Amino acid sequence: MATQAAPSFVTEKALEKFVVHLKILSPIHIGTREGNLLPMEYLFDGHRVHVVDESKLGRFLIQRNLLDRFVQEALSGQLRRVGLSGFFRNHVRGVDVKSLAPTIAAYSVPGGGPDMSEFRPFVRDGFGKVYLPGTSIKGVLRTAVLYAMLKAERQSAGTSGAHAREGQVAQWIQQLKKAHNKERAKKSLSADLPKDLLQSWQIPGETHEQNRDLLRCLKVRDAYPLNGAVETRVIPIRFLSKKPDGSHDWSQKPRGGGDLVVWAEAVVSGTFVVEVLWDHVLYEKFRKENPQKQLPFNSAALPKEILLLAARMNQDVVNHEKDFYTSKGIPQGGFVKKW
């Protein structure tokens, strides 16, 4: 996520509060708990994706005496193959998807494509409003702190020595290659890293790892668009893969038929406002009880320093990607250079 932060300061007793503006600089997607929406859960009219409201759809089907037919085709798998658009074309004479969509849709998003067999919607709150969950934002800041701590370890090793964790990472890679469920393995293999760096702080009376997590001091609220203005779009995501001969190409569908494409609703422009709070009392307790621990930030500038760590991490990622595409001469890199 590429962002720009404009903090302001308010001190409330033990908590220091930042009001931060996050400006979207590149597309960002945060998924929902439900995951993908299938063709029977949305309409595509050639220009926009209309996400179905189940209550509205139910009323429409009852009015048209199509509810039993809808259930039958859903159970047989026919509905998934033809989608809602195909279902209405087959059973509603003279149907116009564009005019029908407002009758059954909860909301509409520009974008999408004719080859879209499913898509991933952006997370919304109970009122249907796009927002950035505080847990997602804190996850970025948490990653930035871990990244800073790992960089500090590398710098302390000097130019002659390897990073102390390189051997550990090599073992993870080998275990991942052998794993049957690679997604589950990705989550579990590196679990020891945050435990070691962030959850090993001593606090009297606290034995659970989560209670000994340094970033208990950091609290992040949900972020909402400034003045309610935000733009989302359903965009295609492709995957650049390295082939055995060292060249690169777009990943292909498992059974052939072209590039592997994931369609996702992404925020493409707008500014979000979020409150970031730091608990100074709890932090001082962590610091007092762990004098031997090396902190990855300047305690006099908290929590501003944590925001700066995120900016430095993102800049390192940008520089790495620029160097990668430039040195390798990969033509596909032209698609991301504008960011």
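Predicted model: local features only at pLDDT ≥ 70, side-chain atom pairs only at ≥ 80, totals over all residues.

User: Why is Asn65 called exposed?

Analyst: Its relative accessible area is 70%.

User: What about Asn227: where is it found, and what makes it exposed?

Analyst: Asn227 belongs to strand E7, residues 224-238. With a relative accessible area of 73%, it lies over the 50% cut-off, and therefore counts as exposed. Its phi is near 60°, again a positive value in a residue other than glycine.

User: How do you know whether Ser85 is buried or exposed?

Analyst: Ser85 has 13% relative accessibility. Buried means under 20%, so Ser85 is buried. This residue lies in helix H3, and beyond its neighbours within four places in sequence it is in contact with Leu43, Phe44 and Val97.

User: Which other residues of H3 are buried, and what covers them?

Analyst: Besides Ser85, the buried residues are Leu79, Gly83, Leu84, Gly86, Phe87 and Phe88. Their cover includes strands E3 (42-44) and E4 (48-52), together with helices H1 (54-63), H2 (67-76) and H4 (97-104).

User: Why is Leu15 called partly exposed?

Analyst: Leu15, found in strand E2, has a relative accessible area of 23%. Partly exposed is the range between buried, under 20%, and exposed, over 50%, so 23% puts Leu15 in that range. Leu15 and Lys219 are 204 residues apart in sequence, but 9.5 Å apart in space, C-alpha to C-alpha.

User: What makes a group of residues a nonpolar core, and which residues have the most contacts inside the largest one?

Analyst: Its members are buried nonpolar residues joined through side-chain atoms within 4.5 Å. The largest such core has 47 residues, and those with the most contacts inside it are Leu132, Val145, Phe272, Val274, Trp278 and Phe297. Elements giving two or more residues to this core include strand E2 (15-23), helix H5 (134-157), strand E10 (261-279) and helix H10 (304-328). H5 gives the most, with seven residues.

User: Which residues is Val274 in contact with?

Analyst: Leaving aside neighbours within four places in sequence, the contacts of Val274 are Phe18, Val19, Val20, Leu22, Ile137, Val220, Arg221, Asp222 and Ala223. There is also a second, separate core of 17 residues, with Met40, Phe60, Leu84 and Leu100 among them.

User: What volume does the second largest pocket have, and which residues lie nearest its centre?

Analyst: The volume is about 580 Å³. This pocket is lined by 19 residues, with Leu37, Glu41, Val51, Val52 and Glu54 nearest its centre. E4, H1 and strand E5 (105-110) each supply at least two residues of the lining.

Methods
Residues numbered from 1 in each chain as written. Heavy atoms only, no water. Buried < 20%, exposed > 50% of the residue type's maximum accessible area, 1.4 Å probe, protein only. Helix = DSSP H or I, 4+ residues; strand = E, 2+ residues; numbered from the N terminus. Contact = heavy atoms within 4.5 Å. 1 Å grid on protein atoms, 1.4 Å probe; cavity = no way out; pocket = protein on both sides within 12 Å on 5 of 7 lines; lining within 4 Å. Points joined across faces, edges and corners; volume = space filled by probe spheres on them.
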